[in-house]
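Q: Could you take a close look at one part of this structure and walk me through it?

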Amino acid sequence: MNILVLVKQVPDISIIKIDPVTNTLVRAGVPSIVNPDDLAGVEEALQLKARYGGKVTVLTMGPQQAQNMLYSLYARGVDDAYLLTDRKFAGSDTWATSNILSSMIKTLPYDLIIAGYQAIDGDTAQVGPQIAEFLNLAQVTHVSKIIEVKDQKLIVEKKYEDDTHLLSVKLPCLITTLKSMNTARLMRADLAMDIEEKPIHMISLNDLEINETEIGLKGSPTRVKKTYTKEVIKRSSPIEITPKEAAMRILSLVK
Amino acid sequence: MSYQLYLEAVNDFTNRFVKPLAHQVDEEEIFPSDTVKEMALHGLMGIPFSKDYNGMGSTTKAYVDAVRILSQSCATTGVILSAHTSLASSPIDTFGTEEQKKKYLSKLCTGEYLGAFGLTEAGAGTDASMQTTKAIDKGDYFLLTGNKIFITNAGYADVYIIFAMTDASKGIKGISAFIIEKDFAGFTVGPKEKKLGIRGSSTCELIFRDVKVPKENLLGEVGMGFKIAMQTLDGGRIGIAAQALGIAEGAFERALIYIKKRKQFNKRIADFQNTQFAIADMKTKLEAGRLLLGQAASDKDQGRPYTVSAAMAKLYNSKIAVEITDQCIQLLGGYGYIRDYEIERYYRDAKITEIYEGTSEVQKMVIAGKVINA
Amino acid sequence: MHKILIFLENKSEGLHPVGLELLSEVMTQTASLNDVEVDALYIGEKLSEDDIHQVKNIGTSNLFMICDSSLKYYDTHYYTNQVIQFLKEHPYDAFLIGSTLIGRDFAPRVSARLHTGLTADATILAFSMNEGSLLLEATRPALGGNIFATILCTQFKPQMATVRPGVFSICSHPSKAFNVTPINMYKQTLSPVEILSIQPNENEKVELDKAPFVIAAGRGVQTKFNDLLNIAENLHVEVAASRAVVDARITSKSRLVGQTGQTIRPKGYIALGISGAVQHLAGMDQSELVVAVNNDPQAPIFNIAHMSFICDANKVIDEILALQKEQA
């Protein structure tokens with residue numbers, strides 16, 4: 001099975017804090033990680049490879065330092081890696097990003113494309129389905145479990161809010177994965193040590209057949225008018241009271 | 001860049017598989033078999049050996065960093081790797097025949113086999129030459145009889161490097177080394193010793209009663225055993241120095257977190273000068289320990305003589321491990337004495353590093369010997 | 001005429017409230033603008049009279065219904081195609097969809113095919129006239145709820161946004177004209193996805209969004225979660241949990257309140273042992289009354305609480321249990 005996994009390097013938002021004085025985000029010193037939903041996708045791909053044989057290729061669109069992320073994925077056992085990087089890609093919204101990634105994917109062989117459900121920085125959950133649309137592929141988003149591959153079909157479980165669907169999807173298709181699906185494996189120490197031998201295909205705008213008007217800031221249908229952090233208005237000062245007093249006050253409120 | 005990623009891999013491994021179990025491993029004296037399996041899956045069991053034998057093809061430095069990082073969370077896990085790599089795999093790598101390397105080293109490096117080393121006897125500790133375990137040449141096999149005590153990884157190892165007297169009349173030159181498999185008839189393992197520290201580590205007696213050892217399992221040549229043992233221990237010392245340093249570093253990190261949080265007399269105890277002086281002392285010792293350890297590993301990797309640098313690394317790091325863990329408990333006060341706070345374990349674990357694989361006294365003999373007789 | 005379309009999502013017992021919440025909010029937001037028509041599109045098996053009535057009460061101008069038994073259960077291929085064919089015949093300035101799993105599944109495909117902008121998971125909507133054209137400004141949380149971004153799509157139509165359920169309330173608006181127009185299902189090819197089976201989720205039916213009072217457990221009280229369940233049962237209130245408690249598998253995701261869980265606005269929200277990380281606040285800070293109990297005087301939850309008590313939340317739970325026993 002030829003599996004492509006789309007990955008994104010994101011800041012570890014569990015560590016991000018807001019500067020109480022300037023009310024802006026403190027981004028300095030926040031480590032970068034593989035987006036958790038994407039890492040789960042890599043783990044699923046590696047498990048499928050172990051079951052059915054084949055090749056796992058990871059792709060990312062990002063700045064040069066995303067190479068570090070790709071190396072860490074090599075250390076987990078992926079077979080090939082592509083970094084789509086070009087200053088002209090900067091400022092792309094999800095539509096433009098999906099456009100760029102799709103134009104690359106079109107040139108590669110694949111049976112299955114896996115993308116993380118959503119990125120912890122953008123939180124949109126749009127890139128996966130938009131790529132599926134550009135490539136005219138069947139999709140299942142928010143997959144809770146991959147059951148098996150059978151007769152050119154992928155059997156998956158999708159948990160909706162109230163019920164769970166068991167679905168059979170024709171390959172090739174695109175699925176989006178959730179962090180909760182698995183515990184992604186760690187890097188292997190021996191693979192990590194050999195990382196310098198691994199090639200990363202560096203892809204720039206020139207390598208792609210894509211209209212320059214449909215990428216970057218100018219090629220994005222949406223744009224950000226403004227961003228702001230929520231102003232925190234203290235409603236009351238905290239008081240020290242005994243647990244018993246607190247219990248009584250809470251009970252009287254609820255009644 | 002790859003070395004950084006390697007260290008990150010070892011750290012991540014330790015945080016996921018080793019750290020969460022460390023307390024229980026000690027409390028319940030459990031040998032962490034599952035962790036050993038995971039170490040194998042993550043490529044940690046053959047770091048300094050050639051890829052021809054399934055090793056990582058890396059350096060002593062890389063191996064020693066792994067032992068150190070593991071020991072920062074769990075000294076038991078650190079010594080399991082150290083004994084396996086330095087004391088079992090290493091002599092086969094240095095002295096073994098091609099067949100022996102193919103048969104044993106390849107499996108030790110993948111972690112399919114766990115290794116151990118048996119030199120110490122009831123009457124032969126520091127005086128290792130007083131071997132009473134005998135191996136009689138019977139033509140197409142050796143007949144092995146005797147007892148070994150205090151053997152690390154005993155009962156879990158698949159392969160043991162055992163030393164025995166093949167010719168008592170030759171003294172030290174009458175000792176030979178053998179590769180013993182766990183299933184050889186006549187070989188049994190005694191019950192697990194109850195220890196002060198590294199309580200998860202399996203330390204037992206080995207009993208050999210007329211064990212038939214095939215001729216091809218002789219390691220090196222007849223009479224070479226003592227030399228093999230001493231050279232192996234030289235390398236093993238570097239591993240233990242790493243374990244000791246890791247123990248000291250682990251305790252230091254925990255104490256540092258505590259002193260920055262804990263307040264008495266309206267200040268953090270980190271703000272008292274006596275605490276600050278203690279931190280400065282410990283930090284300097286750790287740095288000195290790291291440098292000695294680094295030098296020993298580098299000497300070995302570069303093919304320079306490393307007997308003295310290894311001895312100094314072990315002597316110093318084991319000493320500071322005991323001192324630093326003691327000091328760290330003191331900084332935590334009453335909490336330092338409570339087992340749930342996971343610092344007193346470091347104090348108990350540290351002590352063994354001054355004893356096994358050559359006591360600190362032996363290290364001093366080695367160092368002084370080389371210096372005075374140079 | 002400026003036109004806004006709202007997608008009405010199907011639920012097994014009728015309409016998903018998010019469709020009505022959106023219709024309501026849009027009606028409110030466009031009240032001061034001239035010439036704005038708000039329509040609704042339903043795709044599914046059928047709509048009950050009750051549901052149609054609800055849609056009417058909010059002030060909707062046109063309700064379009066594409067009904068067919070093959071559309072009973074959500075399918076990406078079918079719904080995407082039906083929506084796109086509909087939009088090709090009925091142009092709109094803006095198209096809003098609830099950011100449910102279904103909405104977030106097909107909205108991106110529609111926006112990709114129509115080459116238009118889509119904002120995800122908006123929590124604030126604003127409409128205005130910009131050079132004679134209806135402009136949507138959709139504001140949404142990002143970076144785990146740490147920042148908010150206001151997004152525009154000025155070059156393409158329809159301007160699309162998925163909108164978070166539970167953020168807006170449903171209220172009636174005076175009805176202008178109301179038309180119900182059934183639309184024949186557009187021709188389409190067989191879906192590449194086959195539904196093999198559907199099972200209801202086993203989680204206890206926790207209806208956090210309907211409860212007037214919610215007690216929430218954070219990491220600080222996770223060992224007493226069962227006690228809280230007992231307390232809640234006696235008081236007839238619901239119990240919610242923070243991410244830490246759900247991740248520790250103490251309770252299921254159905255109780256999760258926060259950026260990746262539910263957004264609720266109960267009358268009273270009692271946060272016990274919750275620090276108040278931004279991701280959690282995103283799910284409850286619009287509650288009418290927030291009471292927070294935490295040992296740490298610096299806990300961020302105190303910044304938004306109406307009543308802030310510094311003490312050990314575990315002990316508070318013990319005291320409540322004791323008081324309840326006395327009264328029994």
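**A close look at one helix**

A: Let's start with the setting: chain A has six helices and 15 strands, where helices (H or I, at least four residues) and strands (E, at least two) are DSSP runs, numbered from the N terminus. This is a predicted model, in which local features need pLDDT of at least 70 and side-chain atom pairs count only at pLDDT 80 or more, while totals for chains, interfaces and linings use all residues. Residues are numbered from 1 along each chain as its sequence is written, with chains lettered from A and ligands numbered from 1 in the order in which they are written.

Now for our part, helix 1 of chain B, residues 2-27. After the helix comes B:E29, with a positive phi near 50°.

Several of its residues are buried, including B:L5, B:F13 and B:V18; that takes 20 or more other C-beta atoms within 10 Å of a residue's own, with C-beta atoms placed from the backbone. Their cover includes helix 2 (66-74) and helix 5 (189-193) of chain A, along with helix 4 (75-95) of chain B.

Technical notes: The expected span of a helix is 1.5 Å times one less than its number of residues. A residue is buried if 20 or more other C-beta atoms lie within 10 Å of its own, exposed if 12 or fewer, and partly exposed in between; C-beta atoms are placed from the backbone. Two residues are in contact if their C-beta atoms, placed from the backbone, lie within 7 Å.
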